Amino acid sequence: MGQHTARPRLACEITSDGVIAARASDKMSRVEVFTNRRLGPGAIAPGLNNPNVLDGKSLRTAVSGALAAVSGKARDVIVIVPDVTIRVLLLDFESLPDKRDEAEPIIRFRLKKSLPFDVDQAVLSYDITRSKGAVRVVAAVSPRSIIEEYETAFREVGYSPGAVLPSSLAALGLLEGECPTLMLKVDPTNITITAVEHQELRLIRTLDNPHGADVSAAELAEAVLPSIVFFEDTFGAKIEKIYIGGIAPLQELAPLLHQHTGALVQELSPELSPEQNLSGESIRASAMAGIVGALLG
């Protein structure tokens, strides 16, 4: 959630069961190579209220192995973490000071009403949009101890973590985002629903996924439809495109969502070739959405 001035060419995403790393080209907007490493069961337990890294050695080994395969001489890396480890909130203000050191305490005060941890000590990153007399803030916030757990794993194997992003925000870099667009990312513990329009974030919700890896299309449709209704009622626009990523059963879910919305439904999957994959095993294209969005978006 901190940031270097130049975007790093390396990105590494940590999921509940593994690590994916990739390197972007110096001169072209493309991913050169990517790979993955598996984590042992229970190595991390993503969340906001308890330690996340339960097996530091396993995580360090996976991070080091994946990055060593793709990094070359680069050491600065974008770190992508599970959505549930960083809360992203949309806040509306009548006004905010222009100076960041004056605006930040006001934003932190507002966040205290919504979050179950000490906001004053938390890591906060935010973006302010001013339009037609209104001020909207996209705030990403997480307990400092949680962010430091992940950053430490990188520093201890010789890398410098720059930005730390939740997976869904990173994947937004893949979307054109002008027309009303919804993105659904599903993992074994959470369902994240994001909506954008005119290249602005309009909605983001992370829900529990009580059904785990066996979540059905009907269960996902039931989870996502209230957000679609909320978006259309609030912004007076119909969702035109829906992108689905993660473990969602695309073939069953796409017709259901199209039937309810009329939207074009497709997989959230960057274009990659087998030659770029150094891992020796297949990696789902949708699993690369956060990495590619962070590097190229």
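Two strands count as paired when DSSP finds at least two bridges between them. The helices (H or I, at least four residues) and strands (E, at least two) named below are DSSP runs, numbered from the N terminus. This is a predicted model, so please note that local features need pLDDT of at least 70 and side-chain atom pairs count only at pLDDT 80 or more, while totals for chains, interfaces and linings use all residues. Residues are numbered from 1 along each chain as its sequence is written, and side-chain values use heavy atoms, with hydrogens and water left out.

**View A. An open sheet of 5 strands has the order 3-2-1-4-8.**
Pairing within this sheet is mixed. At its edges stand strand 3 (31-38) and strand 8 (160-166), each of which pairs on one side only. On average, neighbouring strands are turned by 20° against each other, direction ignored. Axes are lines fitted to C-alpha atoms, for helices over the stretch in contact, and angles run from 0 to 180 degrees between N-to-C directions.

**View B. Two hairpins link strand 1, strand 2 and strand 3.**
Strand 2 pairs with strand 3 in the antiparallel sense over 7 bridges; here Arg23 has Val33 of strand 3 as its bridge partner. Glu13 finds its bridge partner in Ile20 of strand 2.

Helix 7 (residues 289-296) lies across strand 1, strand 2, strand 3, strand 4 and strand 8, and runs at about 30° to strand 2.

**View D. Strand 2 is largely enclosed by the rest of the structure, because 7 of its 7 residues are buried.**
Buried means under 20% relative accessible area, exposed over 50%, and partly exposed in between (1.4 Å probe, protein chains only). In a regular strand, side chains alternate between the two faces of the sheet. Gly18, Ile20, Ala22 and Ala24 are buried on one side of strand 2, and Val19, Ala21 and Arg23 on the other.

**View E. Helix 2 (residues 100-111) has a buried side and a face turned away from it.**
The buried residues are Ala103, Ile107, Arg108 and Leu111. They cover an arc of only 135° around the axis (taken from the directions from the helix axis to the C-beta atoms), so they lie on the same side of helix 2. Among the elements covering them are strand 5 (87-93), strand 6 (123-131) and strand 7 (134-142). Exposed Asp101 and Phe109 sit on the face turned away.

**View F. An open sheet of 3 strands has the order 5-7-6.**
The pairing is antiparallel. Strand 5 and strand 6 are at the edges with a single partner strand each, so one side of each has no neighbour in the sheet. Neighbouring strands in this sheet are turned by 20° against each other on average, direction ignored. Strand 6 and strand 7 pair over 9 bridges, and Ser125 has Ala140 of strand 7 as its bridge partner.

Terms used: The expected span of a helix is 1.5 Å times one less than its number of residues. Contact means heavy atoms within 4.5 Å.
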